[in-house]
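These are my notebook entries on a structure that I went through residue by residue. I kept to what I could look up in it.

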Amino acid sequence: MIAIESPADMQRAWAIRRRVFIEEQHVPEEIEMDADDAHAFHALALLDGDAIGCGRMLDHGATEIKIGRMAVLPEFRKTGVGALILRFLIDRARTRGFRKAVLHAQLTAEGFYLKEGFSPVGGVFDEAGIAHRKMERTL
């Protein structure tokens, strides 16, 4: 697991996001590739040098971060890679002094986030044509 610090690694994360969100889930590119990428902290999961997953976090106020763009290539799902990415982001947030993490979970991933200590907040809503629910946890 690495923090993305180069344009080349960011390109590798975008390739994963393009495959998962745009090609697989049909999220419009103009929604997926947003201005927040420029100031987010990004993580990249590697296996034998190949990028297999990614995620990002954004400062969301003085004490809170928002985790998003969590994506793992289909052939590596259900292997623990997503949990490693999430824990890496949470550890980095704690180190930086943040006390709470929020995210918008796709309903199909809600169980994953529940296992990682997140709790649902409020009802289901549509985001990019996909059902989501806000979730949060203390860091």
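Predicted model: local features only at pLDDT ≥ 70, side-chain atom pairs only at ≥ 80, totals over all residues.

**Entry 1, Asp9.** I began with Asp9 and found it buried, at a relative accessible area of 16%; buried means under 20% relative accessible area, exposed over 50% and partly exposed in between, with a 1.4 Å probe and protein chains only. Asp9 sits in helix α1, where helices (H or I, at least four residues) and strands (E, at least two) are DSSP runs numbered from the N terminus. Apart from its neighbours within four places in sequence, I found Asp9 in contact with Ile2, Ile4 and Leu44, contact being heavy atoms within 4.5 Å.

Residues are numbered from 1 along each chain as its sequence is written, and side-chain values use heavy atoms, with hydrogens and water left out. The pLDDT, the predictor's confidence in each residue from 0 to 100, averages 94 over the protein chain, and 100% of the residues score at least 70. Confidence is lowest in α2, with a mean of 85, and highest in strand β2 (residues 41-47), at 97.

I then looked up Glu116, which lies in the loop between α4 and β6 (119-127) and is buried, with a relative accessible area of 12%. What does the side chain of Glu116 make a polar contact with? The partner is the side chain of Arg87, at 2.8 Å; a polar contact is a pair of N or O atoms within 3.5 Å, and within protein one must be able to donate a hydrogen and the other to accept it, with residues adjacent in sequence counting only if both atoms are side-chain atoms. Glu116 and Arg87 are 29 residues apart in sequence, and their C-alpha atoms are 8.3 Å apart in space. Leaving out residues up to four places away in sequence, Glu116 touches Ala83, Leu86, Arg87 and Arg137.

In strand β6 I looked at Gly123, which counts as partly exposed at 46% relative accessibility. Beyond its neighbours within four places in sequence, Gly123 is in contact with His132 and Arg133.

Most residues other than glycine have a negative phi. I therefore wrote down Asp48, which is not a glycine and has a positive phi of about 50°, and which is exposed at 75% relative accessibility. Asp48 is in the loop between β2 and β3. Ala128, also not a glycine, has a positive phi of about 55°; this residue is in the loop between β6 and β7 and is partly exposed, with a relative accessible area of 29%.
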